[in-house]
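Let's walk through this structure together. Keep the model open and look up each residue as it comes along.

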Amino acid sequence: MLEKIVALSRKASPWVAHFNSGGCNACDIEVMATITPRFDVERLGIQLKGSPRHADILICTGPVTGQIRERLLRIYHQMPQPKYVVAVGSCALSGGVFHGCYNVMGGVDQVIPVDVYVPGCPPRPDAIIAGIAKVLDKMQEDALSKDGREREVDHGC
Amino acid sequence: MPEIEIPVGPQHPALKEPESFRFEVDGEIVKSVDIRLGYVHRGIEKACQDRTWVQAVYLIERICGICSHSHTTCFCQAVEEIAGIEVPRRARFIRSLFGEMERIHSHLLWLGLAGHEVGFDSLFMYAWHDREIILDALESISGNRVNYGMNTIGGVRRDVTEKDVDELGRALDLLEERVKYYTDVALNEATFRSRLEGVGKITREQAIDLGTVGPTARSAGVDVDLRRDDPYAAYDEIPFRVITADGGDLLAAAVVRLGEIEESLKIIRYIIENLPDGPIAVKAPRRIPAGEACSRYEAPRGEDIHYVRSGGGDKPLRVKVRAPTLANINAVAQSMRGARVADIPIIIAGIDPCFSCTDRMVRLDDVSSGRTEVLTWAQLSARCRASR
């Protein structure tokens with residue numbers, strides 16, 4: 001019973017932290033655009049938060065550069081369980097146009113586990129919202145399943 | 001009172017990009033700032049050397065998502081100069097058209113973020129709402145909201161149709177009205193004025209000495225604008241005013257940017273009324289003859305410089321990019337001294353920084369021990385002195 005209430009309330013108001021892991025700003029301004037009046041995700045209870053310690057969902061934009069890698073891991077560890085990651089944009093998916101650059105890891109999933117991938121260069125705000133909606137479904141599924149969701153990234157990965 | 005060091009970034013609510021600043025503060029007053037660039041360094045200049053000329057255009061477009069058209073135009077101009085390609089007149093007009101539309105979207109974005117940083121979130125929402133008007137126009141012509149993919153070596157890839165011109169005309173009517181409102185807010189709204197007036201101030205002499213460019217220089221009274229001083233695309237045929245102010249503070253920066261939006265609207269109107277007929281591109285050779293060129297472009301943030309060198313092959317030998325934020329970042333360090341802690345976010349946002357354009361780094365590989373480390377500027381200069 002209690003789990004159901006927690007799951008429902010978690011889905012009702014997810015808090016999102018946004019981190020630019022070395023992207024070109026295009027995805028970032030589209031993520032910002034989702035909270036502005038045309039798209040306005042706040043009406044759905046979704047809030048963009050400054051601190052990863054307050055966030056349920058981490059939105060990552062960018063191919064993860066060599067310098068960002070450790071910061072991204074630290075931010076991921078700072079998030080409370082259960083945590084979910086959305087990779088936004090082609091370069092967050094696979095490195096995209098930056099594939100093969102000497103300072104690029106080639107995708108967020110090379111460093112931390114990713115739940116939902118939103119392709120596009122950059123994806124439209126509607127696509128980002130659809131991505132977040134997918135995470136919310138996954139969130140509820142996990143919360144209602146027996147073993148729940150506990151996972152932690154390996155420090156060495 | 002002892003001085004305290006405050007680290008800001010790389011992940012910080014006030015910064016939209018991962019960048020690191022270290023502020024030395026004495027109470028409420030900032031004494032000095034150490035800026036560490038390099039978090040978004042991806043190695044684009046090197047990667048260009050492994051891509052063909054056409055592939056490089058798309059990579060260059062992703063240097064920065066906000067001024068994507070600026071970088072590609074600058075790069076294509078340099079390549080066209082080396083290859084001796086004459087760009088059709090219609091293509092030059094369309095390049096200018098997109099350049100101005102990009103300027104409007106970038107300046108409205110800045111206005112919104114500036115409003116957000118001073119705690120005036122209504123302005124943020126208003127400005128970003130109206131920014132969608134110009135993004136819709138960009139999308140209906142190019143098919144994309146942010147990375148337009150309009151430029152190619154030898155011209156542009158998509159034409160502007162009669163229908164686009166009609167839609168653009170309606171968008172301009174709407175925007176003209178809104179920009180008047182924003183100018184009124186910037187000039188008369190007491191809360192907005194009092195947060196910006198006298199904040200982040202640089203004098204005209206400092207602006208010249210520090211090598212600032214674009215709206216940052218123009219807001220300090222330096223009358224520079226490449227569109228007039230070194231015309232490219234179709235600017236030699238388009239009449240427009242260069243907006244300057246003499247405050248040198250962030251209020252002047254807001255006034256300059258709003259004035260520039262107004263001018264851009266007029267330029268766009270002139271372009272769609274005088275759009276010449278003809279082809280939109282000429283075919284460029286796959287191999288660019290050997291040679292080098294330097295190209296300059298007035299991006300929304302200031303002067304963008306691309307240096308391109310060709311060895312006669314199908315790939316560039318060297319591409320060098322000097323983005324406007326790198327020229328303006330010194331002004332932040334200067335105007336930060338003596339500022340209050342509460343003004344830190346707006347002073348950083350004041351130059352409209354774009355760190356993904358700017359980021360570069362020095363990596364030291366210690367060959368004997370195989371260690372790699374990242375040094376601050378102070379550590380690096382201390383080592384240089386020690387080894388002398």
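This is a predicted model: local features need pLDDT of at least 70, side-chain atom pairs count only at pLDDT 80 or more; totals for chains, interfaces and linings use all residues.

Residues are numbered from 1 along each chain as its sequence is written, chains are lettered from A and ligands numbered from 1 in the order in which they are written, and side-chain values use heavy atoms, leaving out hydrogens and water.

- An unreviewed UniProt entry lists B:Cys67 and B:Cys357 under "binding site"; positions are in the numbering used here, feature names are shortened, and annotations may be inferred rather than shown by experiment.
- Those residues are spread over 291 residues of sequence, yet they cluster in space, with a largest C-alpha distance of 9.0 Å.
- You'll find B:Cys67 in the loop between α2 (53–61) and α3 (68–83) of chain B; helices (H or I, at least four residues) and strands (E, at least two) are DSSP runs, numbered from the N terminus.
- Beyond its neighbours within four places in sequence, B:Cys67 is in contact with B:Glu102, B:Pro300, B:Arg301 and B:Cys357, where contact means heavy atoms within 4.5 Å.
- B:Cys357 sits in helix α14 (residues 355–358) of chain B, and B:Cys357 counts as buried because its relative accessible area is 6%.
- Not counting residues up to four places away in sequence, B:Cys357 touches B:Ile63, B:Cys64, B:Cys67, B:His71 and B:Ala323.

**Where chains A and B meet**

- Chain A puts 35 residues into the contact, and chain B puts in 43 residues.
- Between them, the chains bury about 3400 Å², 62% of it on carbon and sulfur atoms; buried area is the accessible area (1.4 Å probe) that two parts lose on being put together, summed over both.
- A:Ile29, A:Arg38 and A:Gln67 supply 19% of the area that chain A buries against chain B, more than any other three residues.
- Four salt bridges turn up across this interface, each being a side-chain nitrogen of Lys or Arg within 4 Å of a carboxyl oxygen of Asp or Glu.
- A:Arg38 and B:Asp136 join their side chains in a salt bridge (2.8 Å, N to O).

**An exposed residue in chain A**

- A:Leu2 belongs to helix α1 (residues 2–12) of chain A.
- A:Leu2 is exposed, because its relative accessible area is 60%.

Definitions and conventions
Buried means under 20% relative accessible area, exposed over 50%, partly exposed in between (1.4 Å probe, protein chains only).
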